Amino acid sequence: MSIDLNAKSPAGPLAQAWEQYKFDLKLVNPANKRKHTVLIVGSGLAGGSAAATLGELGYNVHCFCYQDSPRRAHSIAAQGGINAAKNYPNDGDSVWRLFYDTVKGGDFRSREANVYRLAQVSVNIIDQCVAQGVPFAREYGGLLANRSFGGAQVSRTFYARGQTGQQLLLGAYSALERQIAAGKVTMHARSEMLDLIVIDGQARGIVTRDMVTGKIETWFGDAVVLGTGGYGNVFYLSTNAKGCNVTAAYRAYKRGAAFANPCFTQIHPTCIPVAGDHQSKLTLMSESLRNDGRVWVPKKSGDHRAPGDIPEAERDYFLERKYPSFGNLAPRDISSRSAKEVCDEGRGVGPGGRGVYLDFAEAIGRLGEDTIRERYGNLFEMYERITDENPYKVPMRIYPAVHYTMGGLWVDYNLMGTIAGLFVIGEANFSDHGANRLGASALMQGLADGYFVLPYTIGNYIATHKLAAVDAAHPAARAVVDQVADRIARLLAVKGTRTVDSFHRELGLLLWENCGMARNAEGLQTALARIPELRAEFWRDVKVLGTGEELNQSLEKAGRVADYMEFAELMCRDALAREESCGGHFRTEYQTADGEAKRDDERFSHVAAWEYTGDETPPVRHIEPLEFENIQLATRSYK
Amino acid sequence: MNLTLHVWRQVDAGAPGRLVRYEARDVSPDMSFLEMLDVVNEGLIEKGEDPIAFDHDCREGICGSCGVMINGSAHGPMAGTATCQLHMRSFKDGDKIVIEPWRARAFPVLRDLIVDRSPLDRIIQAGGFVSIATGNAPDAHTILVPKQDAESAMDAAQCIGCGACVAACPNASAMLFTAAKVSHLGLLPQGQPERDRRALGMVTQMDLEGFGGCTNYGECTTACPKEISLETIARMNRDFRVATFRARPESAGAGSS
């Protein structure tokens, strides 16, 4: 089998490309749209906005989410903001600059055409969200307020206190609920997609499990859209919601969709450090805090004095020292790695020495406590609830944690994967952030894909493909259903001795050690040797109680962890094959003399897209070369 | 510390439920309440007993998935805190903790501590939106919103839809939830054109779903993890009354003036 990695990027000048491309796309007649069904999996910023928009356009939409309501998708937890090239502050921003910052921030491993389009539609997103009633922060004159974020020297981030993701998601959710009320979208909550149905080379349906009754069901349509988020929970501990998982994307991979750059994972620099073995997830402290917080550790290793007792001269503000022009707002990958380095040198703070200070004393002195409270009040409260420390009085302690995954299913300019009719949007695809995502760009991408890109490109697909009607009686559908049922039965039949979580923790730790903030060939090979053993142990010894015909949370988790057990291997393979450092992928063998990431543009200026070839045979690595016609490849410097 | 839990166990919506006693040993004060339940569940699975089912997802107090009655209080003893953000340092060694699902006729129990909150989605469907299709929007700066209005709207918009207000209310009313959305949009210029029909639609739907009425106990706002104010309810009542009066001439024959 071969896969086609034609990105279908339009030719010609970037600035006009998307306009022209949209004009060239075929349209579906308004009266005909209702005859076409689109299945959308996921109800976050990408899936929710796509479902609402396609419903408004007149398509017949089915939307699925594993939570009890579409309003709970994990986009809701995004704190800091959403970027847009509005240039309202008149500080020199433009579509071109947002495009440039995003490509550079991604360490030149993303596709120019996609990123440029993202920057272009960013301005429409803000208009749309404001019109929906999203209560963005305002200035006294009634205009929108902006703040700055990592990796940028302009203030282009729009925000709603520290709850921007919540407000944007509730905006998309309200639009979605309006379409549900109008009968254009049928919502299936507490439904988990367990497999993809491909008929004659086209994605035509999905298999779901009703998480209350356990019923296995099939759904069919003209196209399938995955807005199923990232795979950060493969590490067990991450800032993702507990339910976030790779299953939908991984099942699509096993049905023929290429998986791109799985090793590109983002470790966010500002999270609350791990407190103990009971830890079930990690909590992010928004990057926006770095606007006013200063990151430091003691200059001497083993200095256990209270932070207030360490005089100014004995503190190392290491980001300001190493990256004077961006300072505390250096991009995420760089900030995370720097924090790890100082902790590795024994200068970390807090229990276990895995932490650095994020100190607001100077900002409180300059602006007053009230201003800081207004900007970050809810984040400070959250910090205090979790740690029992008051960040107005003592510096926060933070440490990097897995946060976002830039890798994902490969898509072309239409956001379609290597299976015809399978569209992938938001974090679930790989397309826009290269090897490192800039802060406040995930919300932008999710909504860009769902509101402004997919609704055009999916119409073209539907308009140009004549699809025969299919139903559950189709042999291909029946085969997939049988496989899904068989897998559930096998998980329940193991009746071993170890809980699902214990396996998940072990896998997560293995990956964190060997495929986390710093990687090398030796560690990756260790992980690649251990993962298949662990997977075998899982299938031999996992203990899942109950039946498949009831609400069974252990069974849900077991299915997801079984997929992580396979996916983890793909991630490590990808990390091993990419013999360079770029963005969040830092190979210790490939670094400059001063410890910065050393890219190898000669050999690795490409997207690696993996093709599944069977459980017993290794996946095949395909390449989509990245061509930079508008941006000069350069060593990324924030110094 | 060691704790004694009395947890509501119920196999499904049709089955009877009961409180079952569990011992939680070696609980760390740094654990969240849900992490404590995780540890109890790991122990149950090892013993071959069904783990306690509870809704949860983000575990940072924003998705609104989690929520249980803890010793009779929705989300437990700490003000402005969802169950996932409640830490065990709020309890002491030897404490007895009764853990139950939200109790309301409109929220049937699905299993153990999990209830069906889909009525809240249907209330939103009845008008909790601005009717604007994608691509219709004017430039964001053409809509000016006074800072104070944006802040007040945000105070109401913070609602996480967890249902604690319903669970805390002796009448199992969903007034605070509904009022939060009516207030959020009613305070903004974008929400004005549909203000009347929103209030009428959402209140009517709330009644249809079987939620009780509001008799100003104020338990809802005390339990609310986002501390949504009772003012929102006053605002909704006003909008509802105004809308009811304004709706009359239209029903008497639009166009006859």
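Author: In this predicted model, the contact between the chains joins 66 residues of chain B to 62 residues of chain A. On the chain B side, several elements each supply at least two of the touching residues: helix H1 (33-47), strand S6 (109-111), helix H2 (118-125), helix H3 (147-157) and helix H5 (175-186). The largest share, seven residues, is that of H1(B).

Most residues other than glycine have a negative phi. Asn87(A), although not a glycine, has a positive phi of about 55 degrees. Asn87(A) lies in the loop that runs between strand S3 (82-83) and helix H4 (95-105) of chain A. Because 18 other C-beta atoms lie within 10 Å of its own, Asn87(A) is classed as partly exposed; a buried residue would need 20 or more.

Asp388(A) is likewise not a glycine, and its phi is positive, at about 65 degrees. The loop that holds Asp388(A) is the one between helix H11 (369-387) and strand S15 (396-405) of chain A. Asp388(A) has 11 C-beta neighbours inside 10 Å and therefore counts as exposed, since that class takes in residues with 12 or fewer.

Note on methods
Residues are numbered from 1 along each chain as its sequence is written. Chains are lettered from A and ligands numbered from 1 in the order in which they are written. This is a predicted model: local features need pLDDT of at least 70, side-chain atom pairs count only at pLDDT 80 or more; totals for chains, interfaces and linings use all residues. Two residues are in contact if their C-beta atoms, placed from the backbone, lie within 7 Å. Helices (H or I, at least four residues) and strands (E, at least two) are DSSP runs, numbered from the N terminus.
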